[in-house]
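Here are my notes on this one, point by point. Have the model open while you read.

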Amino acid sequence: MNILDTVREAVRDGRVPDAATRAVLGQVTDPAVLRQAGRTLAGLALDAPGLRPVSVAVLATCTIGPYEQMLRATLIAAGMMPDIRPGRYKMFELSLGSAEYGETDMVSCLLDESYFLPPQWSPVDIEALGEYVTQRMVQFRSILDSALERSSTTILLHTLPLPGTVRDAVISWRDRARLSRIWHQLNADLLALVDHSPKIAVFDLVSALGERAVVARDDRLHRYGDLPFSDGALAIIADQTRRFAQARVGLSRKVLALDLDNTLWGGVVGEVGAQGLQLGGLYPGNCYRQLQNTVTMLREQGVVLVLASKNDAELVERTLAEHPEVVLRPEAFSARMVNWQPKAANLAAAAASLGLAVGSFVFMDDSPFERGQVAAELPDIAILSAEGDPAHHVRTLVQHGWFDVLDLTETDKKRPELYRTKARRADFSASFGSPVDYLRALGIELLPAEATQFTVARIAQLASRTNQFNLTGVRYDEATTAQWSASPDHLVASFSVRDRFGDEGVVGAVWVDCGPEVWAVTNLVLSCRVLGRDVEIAVAAWLVAKAHTAGASTVEGRFIPSGRNGVAADFWTRAGFARTDIDGILRLDAASTVPSPDWISVSERSEVNS
Amino acid sequence: MTSPHTVEHTVLTVLSQILATTADDLRANPVLANYEWDSYSSLEALAQLESDLGIRFDLRAFNAASTVDDVIALAA
């Protein structure tokens, strides 16, 4: 079902679209979809529950056109229920100067160049044009003053593009430059109005249009309907207005929770070590460094930072403190949730310890699994993807304006430190329950398979690269792995995992010395990509059942601490194995049934080893 | 290239949504003046059809369209 159908269904049922639907709508940039969604959403009652009410008067020097629908869709997507009050056509100055909108939350003004230009002007007297534009600006400011005297409502304005049809009608290069200077001065004067009154806000439409390469005008609609802005431009204006409204009604986010591996730096620190991370220097390391710089800028403006990483805490602490290219040192974070617990539980705990609602969080992570888990468990958290090319990470973080505030206060600037102190008192060592419902919804499949000539290379690669879930640290090379896989006294098996997010491929392997009585596991490795789903327990269950079928009476496991494999320290005991007199050796009766998690289905692959 | 059937279907879908009616009603009674076909709704239809069909209308011809069939013919 596409987004419009979902919105229509909700409105038909008299419901506000749920958080997930609104999040999708918030990502829509197609103006045609926005206007349709806005028209449909007009069917919702103004007192619909769950949305923050906001009243917006729209005054325009032109026709408002589809702006109302786009604005409604954009505001509802952001969690607001707008009461939009369009002003009367051709009554801009009177409506504004008399503040006939009364006390609304904001006035959104749509301005076009016709308001500041004379109906006719001489291209050979650019100086006279400049004087006219200056005078119009003086008049506009006095109308604004009149409005501000009569109402406490904040007025939202924007800069104006100078249409090519105006600029290019001047054929002298020198005069055209002068005309552009006049226009830049007009826009500078509009922007300077924020210092004229705290009840005026201005956004820079000109740069937003240029950045997105949107055609600002459809000449047909301009001439026919007095619509000076194309639908694409109106969508940008609606989005900027949404950013302002979000801050105005208190829906801005306060907390940025960040993953580490492949989000704040390139690579998995537990695998490649601090020295192997991509951070700083040339591409792609410069992308991660720039992201850290931008996050630092957000922090300086009061955004509270939380670290949410599945990693060994000690390694992360050391890397953050000592890596020369790290910008975000440990103290930059008000809370550091570095452990192997589900991230949703970690974020909920961080919110509780900071005394903030999860609805004030933005969460950025490269893993679709983690983002999906958080979205399912905590739908009020805004989620940003750090998947794919890291060159886009900074834009992904800032373009939506999640953290916009109307004005920075001294409290804002001190907020990260205040929250850090608060969070220090909290105890993050508590364990959290598994989000079993989410795991069940994933439809995880484990596919064990005895090694074949096609998988031996990948299995050996896993042995060499896996550091965290690596039980004994024995790194079997390709030759040994191939030899064992062909031997009747040994077993080498690979484990693939797939779920609704896709196929992870071969993510684990086991090497077993198969004696007549005892099957001894000499190593078992699992990529950290699949940890936290109890895949390893399903692996143990499969292995023990296989040993039993082969006639063995005992399965023997080993664990040799390496300093990096703490995540796997309790694996054998979690699978039901008992410690023996020999340190690091654990045993289980092969006739036992290891309780495999019910959210993982196991289907053994039998591949031809030709 | 968009097939004539798809064009007709798109035009009927878009117009029925904008004019708050059904495709069947539009087929049975294709004169646009019988619905709330004003300058606003016609511009909305124009923008929506251009977006959905990837075409550009001549506004003069579009304004001259008085029936659903006229619009389909212009879009085809």
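1. In which sense do S11(A) and strand S13 (residues 490-499) of chain A pair, and over how many bridges? They pair antiparallel, with six bridges; two strands count as paired if DSSP finds at least two bridges between them. A:Leu447 has A:Ser496 in S13(A) as its bridge partner. S11 (residues 444-450) of chain A also runs parallel to strand S19 (residues 600-602) of chain A, joined by three bridges, and there A:Ile444 is partnered by A:Ile600.

2. Some housekeeping: this is a predicted model, where local features need pLDDT of at least 70, side-chain atom pairs count only at pLDDT 80 or more, and totals for chains, interfaces and linings use all residues. Residues are numbered from 1 along each chain as its sequence is written, while chains are lettered from A and ligands numbered from 1 in the order in which they are written.

3. Have a look at helix H4 (residues 67-77) of chain A, where eleven of eleven residues are buried (20 or more other C-beta atoms within 10 Å of the residue's own, with C-beta atoms placed from the backbone). Those residues pack against several elements of chain A, including helix H2 (19-27), strand S1 (52-60) and helix H11 (231-248). After H4(A) comes A:Gly79, with a positive phi near 90 degrees.

4. On domains, chain A is assigned domain 1 (52-248), domain 2 (255-433) and domain 3 (442-602), with bounds from an automatic or database domain assignment. Taken over C-alpha atoms, the centres of domain 1 and domain 3 of chain A are 65 Å apart.

Technical notes: A residue is buried if 20 or more other C-beta atoms lie within 10 Å of its own, exposed if 12 or fewer, and partly exposed in between; C-beta atoms are placed from the backbone. Helices (H or I, at least four residues) and strands (E, at least two) are DSSP runs, numbered from the N terminus. Two residues are in contact if their C-beta atoms, placed from the backbone, lie within 7 Å.
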